Amino acid sequence: MSNDGTPDDQIGEALLIRVVQDQMNITTGGKVCFPRLPEVQPFHNVQHQNLLDQLAMSLRVIGDQLNNEKNFNDQIDGLARLGDKKIFSRLVEGVFDDGHINWGRIIVLFYAVGKLAVKMVLANLPAVLSEILDSCLDFFRTKLLAWIRNMGGWISSISALTQFSTEHISTSSFRFDYLISFVCGIMLGSAVVWKLSRSS
């Protein structure tokens, strides 16, 4: 598949840096000074910038959902306790344990790196933060970029990310709708029983 001249490498790198910056700003409220992050090259095409912005927004929504997952947060906390260069390799082992790549796993990796970056800044371990970012960028370039291009580029991820987000929200809504239906059913059943008992 063609990626129509989209700089998928530049978009991926910029997205990772944006995720790290967003996580640092959200978690610290911009009150903590964090180390200088790798420089992101400006886009010369407005459509590429718009794609990056849309990906970043989708990732924020998915990240908000992941933030509510206790298991995910426990795993991030466990990795952060390592506090050394093994963090990234353990993260990759966890996310890509079966060797399969998909959009969801790439996004989980980027989001987890953002969360770990914040924890390294708060733990005053800037060297580990730099190592995590460098390792992730290298992993992206050597292992993920070819897959992304084969899938049609980052533009192809939008529908998959939207579907993931919608399915997760729909699943949550389904549970709520199911509860409402159950309660309404009990109320209706009680009303019918009450009405029948009054008429006899």
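Helix axes are taken here as lines fitted to C-alpha atoms over the stretch in contact, with angles running from 0 to 180 degrees between N-to-C directions. In the predicted model, the axes of helix α4 (residues 86-95) and helix α5 (residues 103-122) approach within 11 Å and cross at roughly 150°. Because angles over 145 degrees count as roughly antiparallel, α4 is roughly antiparallel to α5. The crossing of α4 past α5 is right-handed. On the α4 side, the contact comprises I87, F88, L91, V92 and V95; α5 contributes R105, V108, L109, A112, V113, L116 and M120. Classified by residue type, the contact of α4 with α5 contains 11 nonpolar residues, no polar residues and one charged residue.

Helix α5 also packs against helix α2 (residues 46-67), at an angle of about 70° and with the two axes 10 Å apart. Since angles of 65 to 115 degrees count as roughly perpendicular, α2 lies roughly perpendicular to α5. Residues L59, I62, G63, L66 and N67 of α2 meet I107, V108, F110, Y111 and K115 of α5 in this contact. Seven of the residues in the contact of α2 with α5 are nonpolar, two are polar and one is charged.

Aromatic side chains were examined next. The count comes to eight aromatic pairs. One of them is formed by F96 and F139, whose rings are tilted, with a centre-to-centre distance of 5.6 Å and 45° between the planes. This pair connects distant parts of the chain: F96 belongs to the loop between α4 and α5, whereas F139 is in helix α6 (residues 126-150), 43 residues apart. F96 counts as buried, because its relative accessibility of 10% falls under the 20% cut-off. F139, with a relative accessible area of 14%, is likewise buried.

A further tilted pair is made by W103 and W154, at 5.5 Å centre to centre and 45° between the planes. Here too, distant parts of the chain are linked, with W103 located in helix α5 and W154 in the loop between α6 and α7 (157-199), 51 residues apart. Both W103 and W154 are buried. These two tryptophans belong to a cluster in which ring pairs link W103, F110, F140, W147 and W154.

How values were computed
Residues are numbered from 1 along each chain as its sequence is written. This is a predicted model: local features need pLDDT of at least 70, side-chain atom pairs count only at pLDDT 80 or more; totals for chains, interfaces and linings use all residues. Side-chain values use heavy atoms; hydrogens and water are left out. Helices (H or I, at least four residues) and strands (E, at least two) are DSSP runs, numbered from the N terminus. Angles under 35 degrees count as roughly parallel, over 145 as roughly antiparallel, 65 to 115 as roughly perpendicular and the rest as oblique. A crossing is left-handed if the near helix is turned anticlockwise from the far one by less than a right angle, and right-handed if clockwise. Contact means heavy atoms within 4.5 Å. Ala, Val, Leu, Ile, Met, Phe, Trp, Tyr, Cys and Pro count as nonpolar, Asp, Glu, Lys and Arg as charged, and the others, Gly among them, as polar. Rings of Phe, Tyr and Trp (its six-membered ring) pair if their centres lie within 6.5 Å; planes under 30 degrees apart count as stacked, over 60 as edge-to-face and the rest as tilted. Buried means under 20% relative accessible area, exposed over 50%, partly exposed in between (1.4 Å probe, protein chains only).
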